[in-house]
Amino acid sequence: MTSAVLRFVVDLAGALCIGSLAVVTLVVPRSGKQRMFIRNGADLVIVRWSALVWTVGAAALIAVDAADASGAPLSRLLEPGALPYLVQASYLPGAWIVVTVLALTIFCAANFVQSWMASLVLAVLAALALLTPVLVTQVLVGPNHDLGGDAAMLGTPAMALWLGASVGMVLGWRSGRTSSPLAVVRFTILSCCCAVTVAASQLVIAVFELAGSSPFASPTGLLFLVNFAILAALAVLGARQVRRQLTAQALAAPAATGAVPGRLIAASVLLVVSLGVTVMMTRIPPPQYFVPTSIEQLFLGFEVPEAPTFGVLITAWRLNILFAVMATIAVTAYLLGVLRLRRRNDVWPVGRTIAWVLGWVVLVLTTSSGLGRYSTVSFSLHMLMHMSLNMLGPLLLVLGGVVTLALRTLAPRKRSEPAGPHEWLTGLLNWRMTRAMYAPLWVFISFVGSYYLIYLTPIFQEALRYHWSHQLMNLHFVLGGYLFYSLVIGVDHPPRPLPHIGKLGLVLAAMPFHAFFGVVIMTQTDIIAETFYRYIDAPWMTDLAGDQYLGGGIAWSAGELPLIVVVIALVTQWARQDARTASRTDRHLDTGMDDSFDAFNDMLATLARREAARPTSPNLPEGSAHER
């Protein structure tokens, strides 16, 4: 009971923290010179208090769940050495340690941050803190836990964001901060996005945790039905709100400072009840706990019984929900931006659209095809997937110029108007942290050094053991490649642009490190992640050393070929830019817009006339130093 009550308080405080940050950054409109800044005292007061409660509650759960997970009474914690032993005996206390640190960081930072970008970073930290205890509990166990884990990664922050933002809207309504028409419209859009995400993720998690059993056959199934009923009621309230927002009278109405709308209060109450139901579900073992599970399902969530032939790699699909959802959102938003440009008769190169779509197709095919499925049990296939995620996919994505498209599509607001998406994106691009991420030295180290850090240390084996860590590793590969290629041949203008000679030097400097890494893998006698591969013990994987040698060869060859292509593309871009510059200069000279050459020639002629008019001294021989 103590653990359940503390868990409800902690989850509610975390939801209120991230929701209040979302209200501050995305909902409340601000105008004038300070529209990209927040009022630390008024805007973040809820964030500070909720983060403080979050910190204290998570710290208490370290001890409470340490005892609870081991079946020991709380009095056992008073025995010498009992607490450290119980903490390391299960995953959940370690997760609460991470939550405590992150929540404390948010509380301390919320006392002095003032920029919009900094508050957005705090929201990201809050999302990570919310996910930490979820990913090490029920969604980590049983067959298909990879699908349940991906759904939880998307649904948990969305649910907390929805709940916290709703309560934040209620608390800020009477003061007028959240009652303006624009704030209500933004909150409605945010709520709709969260509602769709939560409903879809809950459905996937329900199918996973019920493991084929009837929802009426277990307490977990009945609680899922209660949550779906709450979501249906929220959908009705949301539909009424959207219908009201679509009326011209609602959009043009002045800010209200009176009573809080009943629909908003009802939605907040229903979301709090849903949170309580979810906490109850964490205390009940779901049906998937009792399903017979093989070693492969225990680590991977699925089985890989067949040898990875070419036909199997093509046909043995298993959807990677996280990358599939990311690709769907990215491609849809990009195509809508292109469509918006065409509607106003603006031109956008077709090649960029093709490159962006193909980039995401590569990422989805890599993670959801048989290659993604078998990459966790074969080092050579993993290295092939790594090259695709780190080299090919990002190379195509940076050629899409998504930031340029967004800046051209999103309309900028006047200084007297509230900041919108265009100003938010511009602020992020000009932010010091963004500039630091694009520092050439950092990009080079993260792009090249991650190979050595991940594979030559125990990090790789630990990342293979858990689905969430494996997904985090894949995201790191994509992000590292995107930063490198966007700095070298990207269409978008980076915060720290390099001259072409600097870009060429960066690529040429990376090539030998990639080749040397492949050689290191091929010549290494120790098997990388051998313990993990021995646990999996795939019947067709009989030669781990040979498979690792093949993986090193793939890293060598597949890593060099894209960089050679980048060098060719970079030299081509360099030549085209020089040609455009020369053509522009000639055009300006022909039209009389550039008289720099004429001025230079006039200067030379003047110097020549002065030299000819100077008298030659008769006392010095011709060619003397004085004459020169």
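Which loop holds Ser218? Ser218 sits in the loop that joins helix H8 (181-210) to helix H9 (219-245). The model shown is predicted: local features need pLDDT of at least 70, side-chain atom pairs count only at pLDDT 80 or more, and totals for chains, interfaces and linings use all residues. Residues are numbered from 1 along each chain as its sequence is written, and side-chain values use heavy atoms, with hydrogens and water left out.

**View 1. Overall content of the protein.** The protein has 27 helices and zero strands (DSSP runs numbered from the N terminus; helices are H or I with at least four residues, strands are E with at least two). Of its 628 residues, 48% are buried (buried is under 20% relative accessible area, exposed over 50%, partly exposed in between; 1.4 Å probe, protein chains only). Among contacts with a separation of 6 or more, 80% join residues 24 or more positions apart (contact is heavy atoms within 4.5 Å).

**View 2. Surroundings of Ser218.** Ser218 counts as buried because its relative accessibility is 12%. Apart from neighbours within four places in sequence, Ser218 contacts Leu210 and Pro287.

**View 3. The largest nonpolar core.** This core has 78 residues, and Tyr374, Tyr455, Phe460, Phe484 and Tyr485 touch the most other members (a nonpolar core is a set of buried Ala, Val, Leu, Ile, Met, Phe, Trp, Tyr and Cys residues joined through side-chain atoms within 4.5 Å). Helix H17 (residues 379-398) supplies the largest share of this core, ten residues. Not counting residues up to four places away in sequence, Phe484 touches Val443, Phe447, Leu506, Val507, Ala510 and Leu563. A second, separate core of 70 residues includes Ile62, Ala126, Ala165 and Leu234.

**View 4. Helix H5 and its cover.** Helix H5 (residues 91-109) has 19 residues and spans 28 Å from first to last C-alpha, close to the expected 27 Å (1.5 Å times one less than the number of residues). Buried residues of H5 include Leu92, Trp96, Val99, Leu102 and Ile106. Their cover includes helix H1 (2-27), helix H3 (45-69), helix H4 (82-88) and helix H6 (116-135).

**View 5. A nonpolar surface patch.** Trp317, Val350, Ile354, Leu358, Val361 and Leu365 form this patch, with about 530 Å² of accessible area together (Shrake-Rupley method, 1.4 Å probe; for residues, only the protein chains shown count as cover). Patch residues have over 30% relative accessible area and no salt bridge, and nonpolar side chains (Val, Leu, Ile, Met, Phe, Trp, Tyr) are joined within 5 Å; a salt bridge is a side-chain nitrogen of Lys or Arg within 4 Å of a carboxyl oxygen of Asp or Glu. Leu365 lies in helix H15 (residues 350-368) and is partly exposed, at 41% relative accessible area.

Definitions and conventions:
Patch = residues over 30% accessible without salt bridge, like charges linked within 9 Å, V, L, I, M, F, W, Y side chains within 5 Å.
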